[in-house]
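Let's take a walk through a protein fold together, going from the overall picture to a few local details. Have the 3D view ready and follow along.

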Amino acid sequence: MSISESTVQDKAKILAEALPYIRRFHGSTIVIKYGGNAMVEENLKQGFARDVVLLKLVGMNPVIVHGGGPQIDDMLKRVGKQGEFVQGMRVTDAETMDVVEMVLGGLVNKDIVNLINRQGGHAVGLTGKDGSFIRAKKLLMKNKQKTGEWLNIGQVGEIEHINPSLIALLDTQDFIPVIAPIGVGEEGESYNINADVVAGKLAEILQAEKLILLTNTPGVMDKENNLLTGLTAKRVDELFADGTISGGMLPKIESALDAVKNGVKSCHIIDGRVENALLLEILTDQGVGTLIKTA
């Protein structure tokens, strides 16, 4: 079967469009938060792994931070527990923490590593406890409904320090780090940390070119379900105030804002349900999703 001239031209156009971005981002670090449907639908999982390997092969340094909420919820149900969330954060008692470590640090992390390696990459799975590279302490959350009140949500961690040397070493050896968002305290205790928060802080520490957060929506939507992009800190504050941004989107937006305020050049919240969403965002003129910027 012959390939039509228009198809050949379309492919050539796509490659030509990608070339300036490959040059521009060569040697740059791209921190990717991997979650949502992209982690559970087989075709999207395979596509994500291929995209990550391609980015590495053309000279970029992808660093993956993954979630695993649905997988954790499924395991909790098996042991007779119901997942609970407060202001977008998972309430984590001791039993839930054991499940989180087993699912994130074991099952999910190794599955992602295997996917990437089968596509020709060289992935290495880590948690923040490896080399103690994510040091954390107990998080006490401000109650956004009650001024002056703090919420205790169990073994949920707040990042104190990230040591980037382990990630930098892996990058120089052409490995792709795959990180489960589990931190370690002073006494060796484990802390469950929101994956968006870990991705944002890691992007800051590594001075990443981009922070990309994969979600189950096209991006940040307004109350009429229109996609918002080019969001500044002032506009985000307005969206917080009127309730447009809430629930699980809260830590994503807060992490994105902190990252761009602290040296990350851009943050993008994109739809992980779209095939090749990573490549569309990084290597095309149009891009996809919501761009977060400082001003």
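Before we start, one term: two strands count as paired if DSSP finds at least two bridges between them. Also keep in mind that this is a predicted model.

## The whole chain

The protein chain contains nine helices and 15 strands. Its radius of gyration is 19 Å, which agrees with the value near 19 Å for a compact globule of 295 residues. Along its principal axes, the C-alpha trace spans about 65 × 40 × 35 Å.

How much of the chain is buried? Buried residues make up 50% of the 295 residues. The chain exposes about 14200 Å², and carbon and sulfur atoms supply 51% of that area. If you take the contacts with a separation of 6 or more, 73% of them come from residues 24 or more positions apart.

Now find strand β1, residues 29–34. Six of its six residues are buried, so the strand is largely enclosed by the rest of the structure. In a regular strand, side chains alternate between the two faces of the sheet. Here, Thr29, Val31 and Lys33 point one way, while Ile30, Ile32 and Tyr34 point the other way.

Which strands pair with β1? One is β2 (residues 61–66), which pairs with β1 in the parallel sense over six bridges. Look for Ile32, which stands opposite Ile64 in β2. To get from β1 to β2, the chain passes through helix α2 (residues 42–57), and this β-α-β crossover is right-handed. Another partner is β11 (residues 210–215), which runs parallel to β1 and is joined to it by four bridges. Over there, Lys210 is the bridge partner of Ile30.

## Helix α6

Next up is helix α6, residues 195–205. Eight of its 11 residues are buried, so this helix is largely enclosed by the rest of the structure too. Among the buried ones are Ala195, Asp196, Val198 and Leu202.

At the start, a side-chain oxygen of Asn194 comes within 2.8 Å of the backbone nitrogen of Asp196. After the helix comes Gln207, which has a positive phi, near 50 degrees.

## A stop at Asn114

Finally, look for Asn114 in helix α4, residues 94–118. Is Asn114 buried or partly exposed? With a relative accessible area of 40%, Asn114 is partly exposed, because that label covers values between 20% and 50%. Asn114 is 10 residues from Val124 in sequence, and their C-alpha atoms are 9.2 Å apart in space.

Conventions:
Residues numbered from 1 in each chain as written. Predicted model: local features only at pLDDT ≥ 70, side-chain atom pairs only at ≥ 80, totals over all residues. Heavy atoms only, no water. Buried < 20%, exposed > 50% of the residue type's maximum accessible area, 1.4 Å probe, protein only. Helix = DSSP H or I, 4+ residues; strand = E, 2+ residues; numbered from the N terminus. Right-handed = clockwise from strand over helix to strand, strands pointing away. Polar contact = N/O pair within 3.5 Å; in protein donor to acceptor, adjacent residues only side chain to side chain. Rg over C-alpha atoms; globule rule 2.2 N^0.38 Å. Contact = heavy atoms within 4.5 Å. Areas by Shrake-Rupley, 256 points an atom, 1.4 Å probe, with all protein chains shown as cover.
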